Amino acid sequence: MALPRLLPPAAVDHSTTQTLRAEVRAFLAEQLAAGTFTPSVDAWLAGWDEDFTAALAARGWLGMTVPVAYGGHGRSFLERFVVTEELLAAGPPVAAHWIADRQIVPSLLKYGTELQKTEFLPRIARGECFFGIGMSEPDSGSDLASVRTKGVRVDGGWSLSGTKVWTSGAHHAHAFIVLARTAPLDPAHRHAGLSQFIVDLRGPGVDIRPIVSMNGAHHFNEVILDDVFVPDTMVFGEIGEGWLQVTSELSFERSGPERFLSTFPLLATTVERMASQRISRDSGLGRLVARIAGLHQMSTAVAGALERHEPADVPAAVVKLVGTTTEGDIADFADLRAGDDANSAFAELVSIAADQRPGFTLRGGTNEVLRGVIARGLGMR
Amino acid sequence: MTTAAAIGVDPEVVDMMDAVFAEYRETHPPAARVERDAELWRSLDELGLVRLTGTESSGGSGAGWYEAAELLAATVRHGVRIPLAEHDLLACWLLDSIGLRVDDAVRTVCVLDDRGVATAVPWAAYADRIVVVWQAGSGYQAADVGVGAVAITAGTNTIGEPRDTVTADPTTLPGTAVPGALIGQLQLKSALVRSIQVCAALDRVLELSVEHATARTQFGRPLARFQAVQNLIADIAAEAALARAATEASLSAAVTSEWSASNLEFLVAVARSCAGHAASVVVRNAHQVHGAIGTTREHRLHEFTRPALAWRSEFGSVQHWDEQVTGAAVEAGAAGLWSLITN
């Protein structure tokens, strides 16, 4: 019996990216020394700082894979991977551009019209246009095909009505891509009849309401669409192909470094505290560091496969499953060692990590869904 | 097979290795106490697999560690126990490196402590000669001696493989100087061999678990249709993949740097930590999936689960390797942790 290899071959030549790594590292060290940012956990979701985003754009580290003709930098996916790893390890505020740079850029490059590419890509690369995601709904979480937001054909475009939830940064962002049903649900073909639209978050009929997290932070929003007009020019991809478009890019989202580095700044701080003997020596820390090192290697291998345009949905699911679990294990390891020093920087990181932790294994496909993806990859479903 | 040719090894060579061990296993069920099968050794020798990584001028096959890793994985996949790694990758490599002659004798290697004792020496009781290493002053010495020149007390690990105690008086042995760097390499190579073997065993456990869950029907449907069972097996697959990622990364760094990479100790420790902890989840979940039949001698599962547990504890416990990673991390500090992982 032959099972597929769940790990792409490690055919990545690290020497080609070492210079880039060093550049990003030096930049971040400068910024840290200048007090521009304080390293934080989950900063790709929680740290919105448009000035920092602009500084990264000035270095050419936004829209890296966008062709020069569209205002980008014509770099490889692996080069982008290296930059994002370096950013997440240091924990600066990168949430403003994260969704646009990670998700919207590859989607626009693959499915966008010439007008859409010209309109958005240069602004994304300059750090001037921020995007959100409009997939989940109050009654559609893991079961995305059940979305009820409806697109109705009108003169010159489409009218959208429905409610989207968990749209991070909608209160700051310019636009989001909405998944809507444009043909009645056919129970035999649940994935048919779905379409995507680029929606101006500041346009008429769009109502953005905060969903406040349990610790009082505001990242997520509910976005209510009431008869929102979307011109034909902002139909994203093909009408009726929404499901394929959404799922074809999941490997990029699932295997990235934000799936195992969300708590790296806390891991580094914990190492520091063990070094200074403020917490006792414990080889459980080594287990976690080893897992992060293994995940770095596995995620790099998947990035290599994606660069070579090889299918990697199952390996990507493995990275996200193990990676997000380990992110949470780091939060818990630190929390178990946090004492009465409630006002220390360590305690603050621990507290944020503990509050963010439930989200790690939910967002972008729950670990239960991912185990199903892996089981299917093994021929069990 | 799950492990098919990871890093540029000719798939036909891997197929040939698989065929040899599959055929052997057909006629040789596992024994409670493992002995070195001289006949198998001879046929492997004829195929050029015994001294796989030796130079052709010294009678070897001129292959490298990637091929050797595939050879080890093939023995593990078929549940065949034979000291190819100890002989070729460890003992003969060391002899060759210090300029001593390698011949057809079957060898293993051991490092004596300051009382002249080495414990848990793999396969010493079934070797012709032993490369004995000891500390002398600030350096190391080694001698290639016949088994008659040392005292061997036979022992086994939990799966019955020979793990013997070797006692010798180094003052009576003809010592050749061994550079300290080679001793470090010997330790890393020994550790990585077990990591490669554990990974191969875990991959085979995954295959057996998928096969069993697909074939076995309960409550009117195959086990594979139950989400609870799918979850157990998905976690087996994920842990095995992490162990493999870490092991292949250290192997690749070792080969490209000719075992001189400055972070090789860290990478091997990472591999051993990941493989060791993976074995906990994989073995536990596989037994849960297999039910009671998986705990019997009759079922083949134990040919892979018990070795995975035995091997993860050799050449350093899992805790030892966790502690090595902890030490490296603490030394690197917050500022150096990320470069420790990425360099």
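Two strands are taken to pair when DSSP finds at least two bridges between them; helices (H or I, at least four residues) and strands (E, at least two) are themselves DSSP runs, numbered from the N terminus. The structure is a predicted model, in which local features need pLDDT of at least 70 and side-chain atom pairs count only at pLDDT 80 or more, whereas totals for chains, interfaces and linings use all residues. Residues are numbered from 1 along each chain as its sequence is written, and chains are lettered from A and ligands numbered from 1 in the order in which they are written.

## Confidence

The predictor assigns the complex an ipTM of 0.96 and a pTM of 0.95. Where pLDDT is low, the predicted coordinates should not be read in detail.

## The sheet of chain B

Four strands of chain B form an open sheet in the order β1-β3-β4-β7, with mixed pairing. Strands β1 (107-111) and β7 (176-178) of chain B stand at the edges with a single partner strand each, so one side of each has no neighbour in the sheet. Neighbouring strands of the sheet are turned by 30° against each other on average, direction ignored.

β1(B) pairs in the parallel sense with β3 (residues 129-136) of chain B over five bridges. V109(B) has V131(B) as its bridge partner in β3(B), and T108(B) stands opposite I130(B). Four of the five residues of β1(B) are buried, that is, 20 or more other C-beta atoms, placed from the backbone, lie within 10 Å of their own.

## Helices on the sheet

Helix α4 (residues 84-97) of chain B packs on the sheet and touches β1, β3 and β4 (139-146) of chain B; its direction makes about 65° with that of β1(B). Such angles run from 0 to 180 degrees between N-to-C directions of axes fitted to C-alpha atoms, for helices over the stretch in contact. Helix α5(B) lies across β3, β4 and β7 of chain B and runs at about 65° to β4(B).

## The interface with chain A

In chain B, 44 residues are in contact (backbone-placed C-beta atoms within 7 Å) with 42 residues of chain A. On this side of chain B, the elements giving two or more residues are α5 (180-215), α6 (227-256), α7 (264-290) and α9 (318-342).

Definitions and conventions: Two residues are in contact if their C-beta atoms, placed from the backbone, lie within 7 Å. A residue is buried if 20 or more other C-beta atoms lie within 10 Å of its own, exposed if 12 or fewer, and partly exposed in between; C-beta atoms are placed from the backbone.
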